Amino acid sequence: MKFPARTLSALAVWAIAAAFASPQAPPPAVGVVFSMSNAASGNEIIVFDRAPDGTLTLSPTTYPTSGMGTGQALNSSGSLAYGRDLNHRWLAAVNAGSGDVTLFELTGTSTLQMTSTVPSGGDKPISVALRDDVLYVLNAGNPNNVSGFTIDQQGGLTAIPNSMRPLSAATTGPAQVGWSPKGDELLVTEKQTDLIDIFSMDGSTNLATSMASLPSNGPTPFAFKFLGGKKMLVTESFNGQTDASSLSCYAQQGQTLTLLDGSVTTTETTARWLTTSHNKKFAYTSNFVSGTISGFQVTLNGKLTLLNVDGVTATTGPSPADLATATTKYLYVLNSGDGTISGFKVNRATGALTSLGASVAGLPTSGAAGLIAF
């Protein structure tokens with residue numbers, strides 16, 4: 001087909017303009033993923049904007065905590081924690097290198113305002129638990145302990161007098177602190193002792209009144225998460241034995257744990273971190289050594305069944321660590337081996353995971369920790 005000279009000239013101009021046009025702008029963010037550098041030179045919150053299709057873009061804005069990280073793996077779950085009261089949304093972060101904890105207020109979809117940084121009540125804080133206007137910190141230094149703080153309406157943190165409570169021993173290798181669904185108990189996993197600590201809490205004083213240390217069904221309990229009511233999932237690393245890590249489900253009532261199912265193998269190595277789908281029908285472990293995610297179906301009575309016979313629901317980047325889900329659709333994992341985040345779409349009916357594409361860089365390749373997604 002022949003085009004008139006005038007048409008050819010117009011086409012040439014269009015082609016040149018297209019060649020030099022700016023790249024198409026990414027779609028507007030509808031959500032966010034927060035992580036933490038844990039850098040020894042200065043800890044900061046790192047932000048990834050989430051597009052409607054779940055893909056992430058590294059934000060140029062970071063939020064210093066005014067504290068120091070360690071630059072090395074914290075070997076813990078919950079180094080970042082989210083919570084809210086009637087008027088505010090809070091994000092708490094540990095500064096394990098400087099022995100303090102920082103609180104931010106979320107002032108927009110992905111914007112933060114630091115409100116307070118205070119000593120953690122111990123040495124080497126590695127995990128935090130937020131509920132309403134109360135924050136508890138797990139300190140992994142010697143001696144191991146938990147310490148409590150109240151949050152005022154300006155975001156100030158004030159230590160709760162006499163709230164420090166020791167764990168079962170001076171050195172236990174603690175991994176996570178977290179609240180029971182109603183806030184009646186505070187729980188801690190101990191990797192070295194294979195124990196799960198349950199502190200009974202006085203709701204009027206926010207103080208632990210007693211502690212029970214209960215044996216984990218499998219060795220090296222690490223992360224835990226509740227599925228509504230009193231059903232609690234716990235990952236078990238089995239001391240790093242090859243293809244031996246597992247997941248257990250308990251009914252938690254007061255200072256008692258009743259095993260519902262476990263230890264159900266992942267068939268993978270070193271399951272540590274844990275998340276669940278928003279409909280609470282599925283659970284996912286990140287397998288640090290294997291570089292995979294294992295998915296489980298969870299029944300109403302706590303029965304656990306692998307989604308895939310080989311235990312591989314998805315393949316991640318190197319050394320997958322913290323996991324988080326956003327809305328009903330998406331799951332993210334921090335790949336601590338290369339400082340990236342991988343994203344997956346969650347099938348709400350089957351629990352299957354479909355990759356969202358290439359992992360997104362932007363975190364340090366050593367020591368990055370924590371993952372919160374909206």
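User: What makes strands β27 and β28 a pair?

Analyst: Strand β27 (residues 330-335) and strand β28 are joined by six bridges and run antiparallel, and because two strands pair if DSSP finds at least two bridges between them, these two count as paired. The strands themselves are DSSP runs of E with at least two residues, while helices are runs of H or I with at least four residues, both numbered from the N terminus. Within this pairing, leucine 334 stands opposite isoleucine 341 of β28, and in the hairpin, which has four residues between the strands, glycine 339 takes a positive phi near 70°. The model is predicted, so local features need pLDDT of at least 70 and side-chain atom pairs count only at pLDDT 80 or more, whereas totals for chains, interfaces and linings use all residues. Residues are numbered from 1 along each chain as its sequence is written, and side-chain values use heavy atoms, with hydrogens and water left out.

User: Which other strands pair with β28, and how do you know that they do?

Analyst: Strand β30 (residues 360-361) is joined to β28 by two bridges in the antiparallel sense, and threonine 340 has alanine 361 in β30 as its bridge partner. Strand β29 (residues 353-355) also runs antiparallel to β28, with three bridges between them, and here phenylalanine 344 stands opposite serine 355. The hairpin of β28 and β29 has six residues between the strands, and glycine 351 takes a positive phi near 85° in that hairpin.

User: Why is strand β15 called largely enclosed?

Analyst: A residue is buried when its relative accessible area is under 20%, exposed when it is over 50%, and partly exposed in between (1.4 Å probe, protein chains only). Seven of the eight residues of β15 (residues 195-202) are buried, so the strand is largely enclosed by the rest of the structure. Strand β28 (residues 340-346) is mostly covered, with six of its seven residues buried, and in the chain as a whole buried residues make up 54% of the 374 residues.

User: Which strands pair with β15, and in what sense?

Analyst: Strand β14 (residues 185-190) pairs with β15 in the antiparallel sense over six bridges, and leucine 186 has phenylalanine 199 of β15 as its bridge partner. Strand β16 (residues 207-215) pairs with β15 in the antiparallel sense over eight bridges, with methionine 201 opposite alanine 208 in β16. In the hairpin of β15 and β16, which has four residues between the strands, asparagine 206 takes a positive phi near 60°.

User: Why is lysine 345 called partly exposed?

Analyst: Lysine 345 has its place in strand β28, and because its relative accessibility is 43%, this residue counts as partly exposed. If residues up to four places away in sequence are not counted, lysine 345 touches Lys329, Tyr330, Ala352, Leu353, Thr354 and Leu356, where contact means heavy atoms within 4.5 Å.

User: How do you know that the radius of gyration agrees with a compact globule?

Analyst: The radius of gyration is taken over C-alpha atoms, and the globule rule is 2.2 Å times the number of residues to the power 0.38. With 374 residues, a compact globule would have a radius near 21 Å, and the chain has 22 Å, which agrees. The C-alpha atoms fill a box of roughly 90 × 50 × 35 Å along the principal axes, and the chain contains one helix and 31 strands.
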